[in-house]
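Dear colleague,

I am passing on the structure we spoke about, and it is placed directly below. My notes on what was found in it follow.

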Amino acid sequence: MISVLIADKNYLSRLGLFTLLNTSSNFEVDYTEDDNFENLVATIKKNKPKILVLDFQSLSFNSAQISSLTKTFKRLQILAITDYLTKHEMQSALDAGVRSYLLKECDKDEIIEALHATYNNERFLCGKVAYYLTCTEDISAIRPAMDKVSCQGLGITDRELDVIRLISEGLSNKLIADKLELSTHTVNTHRKNIMTKLDIPNTAGIVMFAVKNKLLAA
């Protein structure tokens, strides 16, 4: 059973997500609309959720408050579900400790997948969020292209993030294996899985992704 607390000021979003998750035997769900940060902290202490589903925009919470949550509740994972924001706002939330990020337009299957991935300590991004954050243009400029981008989620484990960072530093499979205390076969498997997940055909693509995507900064 995965305990989930929904924090969202928007009534329809909050109730819709609560109803969706409440029909599944995998989740124990509660929600709050309170935009008082101290009250949210008290609710988390009381409910002890594994995952906080947070629309920080609707609650007017900033990155410092998000960071405070992750530092106070070490085992709490945060899944942000918002509308499109500025890149700075979305990136700041991820840098502050948001584990996974979806858009309000994501469907049921993607939400369920994101919750399970987040619970398993994976970073899960909506495909459109990943695309948006790795583009140099703002949303208004890339909207036509964005409409063609799949919303299918992107799940990357912490270990895969480690491998991506080390590949971007130019390390060979052998050196990566030594550094992470893995076999070269395991590192090669991670490399193949990464290329499949990111739809990248070669190592150069992995390096480019790591350079462009600040989400992967150590």
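A search of the whole structure for disulfides, taken as pairs of cysteine sulfur atoms within 2.5 Å, finds zero of them.

Please keep in mind that this is a predicted model, in which local features need a pLDDT of at least 70 and side-chain atom pairs count only at pLDDT 80 or more, while totals for chains, interfaces and linings use all residues. Residues are numbered from 1 along each chain as its sequence is written, and side-chain values use heavy atoms, with hydrogens and water left out.

The average pLDDT (the predictor's confidence in each residue, from 0 to 100) is 84 for the protein, and 81% of the residues score at least 70. The protein has 11 helices and seven strands, these being DSSP runs numbered from the N terminus, with helices (H or I) of at least four residues and strands (E) of at least two. Among these elements, strand β3 (residues 51–54) has the highest mean pLDDT, 98, whereas helix α7 (residues 139–146) has the lowest, 62, and I would read that helix with this value in mind.

As for packing between helices, the axes of α1 (residues 11–22) and α5 (residues 108–119) come within 11 Å and cross at roughly 75°; axes are lines fitted to C-alpha atoms, for helices over the stretch in contact, and angles run from 0 to 180 degrees between N-to-C directions. The two helices are therefore roughly perpendicular to each other, a label that covers 65 to 115 degrees. Leu-17, Leu-20 and Leu-21 of α1 make the contact (heavy atoms within 4.5 Å) with Lys-108, Ile-111, Ile-112 and Leu-115 of α5.

Finally, Val-163 lies in helix α8 (residues 158–168) and is buried, with a relative accessible area of 0%. Leaving aside neighbours within four places in sequence, Val-163 is in contact with Ile-176, Leu-180, His-190 and Ile-194. The C-alpha atoms of Val-163 and Leu-180 are separated by 8.5 Å, with the two residues 17 apart along the chain. Over the protein, 48% of the 218 residues count as buried.

With best regards

Note on methods:
Parallel < 35°, antiparallel > 145°, perpendicular 65-115°, else oblique. Buried < 20%, exposed > 50% of the residue type's maximum accessible area, 1.4 Å probe, protein only.
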